[in-house]
Amino acid sequence: MGNADTKLHFRKAVIQLTTKTQPVEATDNVFWDQFWAECSIAVQDVFALVPAAEIRAVREESPSNLATLCYKAVERLVQCADSGCPSEKERQIVLSCTRLLTRILPYIFEDADWRGFFWSTIPGTKKSGSLDEDADENEARPLAESLLLTIADLLFCPDFTVQSHKKNNPDASEEMRSIDSCEYIWEAGVGFAQSPPPNYIHDRNRTELLKLLLTCFSEAMYLSPSSDNQVLNPWVSFFCSAENRHALPLFTSLLNVVCSYDPVGYGIPYNHLLFSDYREQLVEQALQVLIVTLEHETGSAPAGPDNLFVNYLSRIHREEDLSFVLRGFAQLLNNPLIQTYLPRSTKKIHFHQELLILFWKFCDFNKKFLFFVLKSSDVLEMLVPILFYLNDARADQSCVGLMHIGVFILLLLSGERNFGVRLNKPYTLRVPMDIPVFTGTHADLLIVIFHKIITCGHQRLHPLFDCLLTIIVNISPYLKSLSMVAANKLLHLLEAFSTPWYLLSAPQNHNLVFFLLEVFNNIIQYQFDGNFNLVYAIIRKRNVFHQLANLPTDEASIQKTLQKKKNKSGISRLNSTDGESMEGSRPAAPAEPGTLKATLEATPGIDKITEKSQVSEDGTMVALPRSSSPATPPHHGAINGASDTESNSERDSEVQQMPCCSHSMLSWKSRLPLQTIMRLLQVLVPQVEKICIDNLTDLQEIILKFLQHGTLVGLLPVPHPILIRKYQANSGTAMWFRTYMWGVIYLRNVDPPIWYDTDIRLFEIHRI
């Protein structure tokens with residue numbers, strides 16, 4: 001009964017606040033204490049008992065009361081942090097203030113007139129609300145700074161969020177200001193060796209404080225996607241600055257908690273259904289706080305104080321630390337792929353998108369980590385789950401962002417030679433995926449899944465075709481032996497992309513043909529010996545190359561082709577004979593009706609997010625000056641404009657209105673790099689035809705054996721230099737990452753629904 005009374009008292013206090021027309025004095029502690037001193041109300045109940053309409057009403061009609069409520073809540077947090085929360089009552093006050101501020105802050109942020117409120121000082125308070133008593137008496141701290149520093153202090157508060165080191169004398173509460181929080185790091189891992197005993201109450205309290213911290217950072221959601229991307233989030237900038245004395249231990253705590261988390265535990269079947277896992281909730285919040293604090297453009301102007309979290313991440317260098325982080329990523333990302341004989345018997349994590357964002361930031365900010373990942377076959381432990389997620393999400397319109405982050409990570413990795421070399425390792429895992437059964441390498445797996453995305457994905461994935469093929473181009477000079485399945489997939493893509501109606505249906509479609517020809521040329525010139533399957537497939541499909549060489553370029557033929565286009569139904573519906581899928585796999589499913597999704601900013605074209613490097617004879621890469629190379633003319637908006645909010649009908653109408661011009665076709669057709677392939681066909685086709693005449697049975701086997709031992713040394717044109725397109729960050733991708741990251745955080749925080757039904761401006765939420 002007590003809990004019902006508590007809720008009733010709290011609700012009465014809320015009603016009093018919303019109905020008072022006169023300002024309530026800040027000194028009226030009897031009134032304000034009703035919100036936190038007498039009650040212990042779960043965060044879900046706080047959200048139910050403080051309705052959105054009433055928060056907005058107080059904001060509009062009694063602004064001074066809302067301001068005082070925020071100020072008093074922060075003041076109580078500061079007082080409790082100062083005292084070190086020695087009593088249960090004080091800990092309860094901290095949780096009540098934390099929950100109330102988590103509820104109210106989004107409504108402060110959604111109103112432009114209120115956004116500066118937390119950055120103002122309360123008149124006449126001097127240093128009240130500040131923990132720094134030595135500061136100049138006249139210099140009051142903004143409320144936001146006091147709140148952030150207090151949250152940081154509370155995250156290392158003995159017996160509240162960390163284990164106390166005082167064993168014998170419980171009365172001697174540890175002086176908060178003298179605590180060295182580096183001794184209280186939450187988990188062993190980077191820079192810390194001891195693993196404190198698990199304490200679910202500490203985990204729960206940390207989770208609530210991190211939820212409030214994330215809510216503070218979420219002001220970014222209420223600003224429109226700005227072309228001026230240098231605007232730093234003031235909450236993040238201050239929290240990650242040297243003003244926060246806990247920056248290093250907190251960064252380390254968040255990282256270690258995430259990377260050491262083992263969702264499976266001792267592997268007892270169904271244990272996740274029997275016990276609450278408070279650590280999982282903490283890991284999710286820690287991960288979300290980490291990716292937000294690390295939002296920082298590489299090489300951006302020094303528009304504010306240095307971000308210490310980015311600084312610490314970039315300096316991790318010890319082999320054991322890099323190994324710990326990579327192992328953590330691999331274990332968590334591979335978790336949904338675990339196969340058991342008992343259905344749903346192991347816990348499956350759902351924060352893989354946040355993990356991929358954090359992995360991306362590690363590779364982007366810490367080059368030692370990137371090289372460590374690529375140094376051994378461990379990179380394949382990351383590749384397989386990424387390909388699994390890409391394949392699984394290809395039909396789901398709510399997962400466009402997941403598809404992009406997965407492809408961007410592979411694009412970044414493919415710019416390094418070691419990645420291509422590692423892909424030659426045989427693929428022996430049997431993760432059930434909705435792809436044809438094959439025997440081959442990790443490169444074959446990548447090609448088969450990319451083919452599936454292109455031919456069986458939904459319309460929204462068209463802008464990714466350039467990126468997918470660029471990845472294959474980057475790895476192609478290092479692929480020693482493609483399987484017959486992968487070779488046929490590549491030829492099928494060329495066949496599909498080189499049909500006249502597809503080449504003419506959008507101004508940039510011919511680039512896809514250039515990419516595929518570059519793949520074939522790289523393999524023929526640099527890896528001919530082991531790639532007899534691909535050579536066999538090229539000979540079988542030689543007509544495709546002859547048709548490309550003889551494309552009609554006169555206006556009449558082009559018009560005729562465009563008329564045929566109306567009867568075709570696009571690349572995504574191309575039939576592909578896939579054969580039998582892997583045992584135990586399920587088809588990629590579209591989103592359930594009613595699924596929420598966040599819109600995304602458009603991503604820049606492939607030429608904007610990559611820079612070309614030429615591989616010299618000693619294996620080093622030399623960056624080429626930015627100019628449109630003959631192979632791939634500039635993609636004016638190949639991806640640009642294809643944002644997540646654009647409708648298919650808009651794209652189709654663009655196609656129909658496209659002014660067809662034989663001049664543009666003539667200009668790129670004359671540059672098609674067909675010489676190497678035509679020379680190969682010229683040499684090998686007569687020999688293969690002779691084998692066909694001489695042998696009536698086992699033809700494929702005999703031809704493959706012939707190709708396996710054949711050579712084209714001295715018969716092909718001089719090998720071209722290898723061109724690698726390396727990922728290059730820019731303001732367009734920075735804005736895309738910001739909208740994607742906050743969209744994921746918005747949709748993943750539903751209990752309580754922190755930002756639901758508030759006036760978000762960074763993206764829109766749609767129902768599918």
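Trainee: At the start of α33, which residue has a side-chain oxygen that reaches to the backbone nitrogen of Gly732?

Mentor: This is a predicted model, in which local features need pLDDT of at least 70 and side-chain atom pairs count only at pLDDT 80 or more, while totals for chains, interfaces and linings use all residues. Residues are numbered from 1 along each chain as its sequence is written, and side-chain values use heavy atoms, with hydrogens and water left out. At the start of α33, the backbone nitrogen of Gly732 has a side-chain oxygen within 2.9 Å, and that oxygen belongs to Asn730.

Trainee: What span does α33 reach from its first C-alpha to its last?

Mentor: Helices are DSSP runs of H or I with at least four residues, strands are runs of E with at least two, and both are numbered from the N terminus. The expected span of a helix is 1.5 Å times one less than its number of residues. α33 covers residues 731–748, 18 residues, for which 26 Å is expected, and its span is close to that, at 26 Å.

Trainee: How many residues of α33 are buried?

Mentor: Buried means under 20% relative accessible area, exposed over 50%, and partly exposed in between, with a 1.4 Å probe and protein chains only. α33 is largely enclosed by the rest of the structure, because its buried residues number 14 of 18.

Trainee: And how many residues of α15 are buried?

Mentor: α15 has 14 residues and reaches 20 Å between its end C-alphas, close to the 20 Å expected. This helix is mostly covered, and the count of buried residues is 14 of 14.

Trainee: With which residue does Glu145 form a salt bridge?

Mentor: Glu145 is buried, with a relative accessible area of 16%. The closest N and O atoms of the pair are 2.6 Å apart, and the partner is Arg141.

Trainee: Which residue has a side chain joined to that of Ser181 by a polar contact?

Mentor: Ser181 is in the loop between α7 (143–154) and α8 (200–217), and it is buried at 4% relative accessibility. Contact means heavy atoms within 4.5 Å; beyond its neighbours within four places in sequence, Ser181 is in contact with Phe156, His246 and Pro249. A polar contact is a pair of N or O atoms within 3.5 Å; within protein, one must be able to donate a hydrogen and the other to accept it, and residues adjacent in sequence count only if both atoms are side-chain atoms. At 2.7 Å, the side chain in polar contact with Ser181 is that of His246.

Trainee: Are the rings of Tyr261 and Phe351 stacked, edge-to-face or tilted?

Mentor: Rings of Phe, Tyr and Trp (its six-membered ring) pair if their centres lie within 6.5 Å; planes under 30 degrees apart count as stacked, over 60 as edge-to-face and the rest as tilted. The structure has 39 such pairs. With ring centres 6.4 Å apart and planes at 40°, Tyr261 and Phe351 are tilted.

Trainee: How many residues apart are Tyr261 and Phe351?

Mentor: Both are buried. Tyr261 is in the loop between α10 (247–259) and α11 (271–274), and Phe351 is in the loop between α14 (319–334) and α15 (352–365). The pair links distant parts of the chain, with a separation in residues of 90.

Key. A salt bridge is a side-chain nitrogen of Lys or Arg within 4 Å of a carboxyl oxygen of Asp or Glu.
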